[in-house]
Structure formats: structure tokens, C-alpha cells
Amino acid sequence: MPSASRKPFIGVIGAGQCNSEITTKAFELGQEIARSGAILVCGGLGGVMRAVSKGARAEGGVTIGVIPGDSKEDANEYIDYPICTGMGQARNLVIINTADVLIAVAGQYGTLSEIGFARKSGKPVISLGSWEIDDSIVRAENAKEAVQLALQAIQG
């Protein structure tokens, strides 16, 4: 949970490649995260990560990208602060541990593993069209609701 003096960190996980519907959903999610005053943490590459970062930046938000490689140049152009891990897929744990709450958008097995790590570490997970493996995953119908549910989850 964020302290009273720190903005919440909302992690977004999801597909590395996505269609126009998911791209729009992720862009709107980024906008809502920025409007809420939260800081976006994501994988910093393409697909959902690029779209959510673009949306956050469009609203003046702050974006952190946790990159699997060792080059800041790998980050998409909407990442303010690339964190280069050189850890490949293991960088997913850095995203989970940095975020106060996670919102999953679409995704496949990589996203599923991130959801599993998040739940194992006690982090709340909101699904926006992603995996809903049990009742601990809260379902949101749209970006605005996802951010509202995420903020509620970290406030207790």
C-alpha cells in the first residue's frame, strides 16, 4: 500500500501484441490511471504496454517501464522511466513487486503467470478482459471502473 505521501503505483499487465479493440481499451486505461493521479508501472514494450503508456502520457501521467533487457532504447516512446533489468521474463516479478495493485488486460500465459505471482504475494488483481481464475480476481467492465476498483483495493 502506498504511504500517505506517495502516489499509488498501478501495474498493468497484458498482451505483448493486441488487436484494435484491446489497444483502445488499454489506451483508455492509461488515461484513467493518469487522471486518478496514480503512476503507471508496466513492462514498457509493445502491445498493451505501449497503448496504456500512450494513454497515460496523453493525460500528463507518469510512466515506468520495467524492461526485460539491458537497453533503455527497447522501451516504447511513451515510457518516462525505463528500468532495465536484463532479467528477461523474470522481470515480471519486478513489476509485481513494484505495483500496489495490478490490472490485467487480455494476455496469455505470461499474463497468467503475472496474475499468479501477484495473488501469491497478496497483491490485488483487477481483470479487464483477462484471466478470471477465481473469486480473488475482480472483474471490471471498462477502464474507469478498473481504476476505481484498483484504488479501492489498495485503500483497504
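When I say two residues are in contact, I mean that they have heavy atoms within 4.5 Å of each other. With that settled, here's the chain: among contacts between residues at least 6 apart in sequence, 54% join residues at least 24 apart.

Some housekeeping. This is a predicted model, so local features need pLDDT of at least 70 and side-chain atom pairs count only at pLDDT 80 or more, while totals for chains, interfaces and linings use all residues. Residues are numbered from 1 along each chain as its sequence is written, and side-chain values use heavy atoms, with hydrogens and water left out.

Okay, the overall build. There are 5 helices and 7 strands; those are DSSP runs numbered from the N terminus, with helices being H or I of at least four residues and strands E of at least two. Reading from the N terminus, you go β-α-β-α-β-β-α-β-α-β-β-α. The radius of gyration is 14 Å, close to the 15 Å from the globule rule for 156 residues, so the chain is as compact as a globular protein of that length. That radius is taken over C-alpha atoms, and the rule is 2.2 Å times the number of residues to the power 0.38. The C-alpha trace spans about 35 × 35 × 30 Å along its principal axes.

Now, the inside. Of the 156 residues, 47% count as buried, where buried means under 20% relative accessible area, exposed is over 50%, and partly exposed is in between, using a 1.4 Å probe and protein chains only. I'll also talk about nonpolar cores: sets of buried Ala, Val, Leu, Ile, Met, Phe, Trp, Tyr and Cys residues joined through side-chain atoms within 4.5 Å.

The largest of these cores has 33 residues, and the ones with the most contacts inside it are Ile 10, Leu 29, Ile 33 and Ile 103. Elements giving it two or more residues include β1 (9-14), α1 (20-36) and β5 (101-105). Which element gives the largest share of this core? That's α5, with 7 residues. A second, separate core has 15 residues, among them Phe 9, Ile 13, Ile 96 and Ala 118.

Let's zoom in on Ile 103. Leaving aside neighbours within four places in sequence, Ile 103 is in contact with residues including Ile 10, Leu 29, Ile 126 and Ala 150.

Next, Ala 140, in the loop between β7 (137-139) and α5. Is Ala 140 buried or exposed? Buried, at a relative accessible area of 4%. Leu 128 is 12 residues away along the chain, yet the two C-alpha atoms are separated by 5.3 Å.

Val 138 is partly exposed, with a relative accessible area of 34%. Beyond its four-place neighbours, Val 138 is in contact with Val 125, Ile 126, Ser 127 and Leu 149.

Asp 100, between α3 (91-98) and β5, is buried at 9% relative accessible area. Then there's Ala 106, in the loop between β5 and α4 (109-120). Most residues other than glycine have a negative phi. Ala 106 isn't a glycine, but its phi is positive, at about 55°. And Ala 106 is buried too, with a relative accessible area of 11%.
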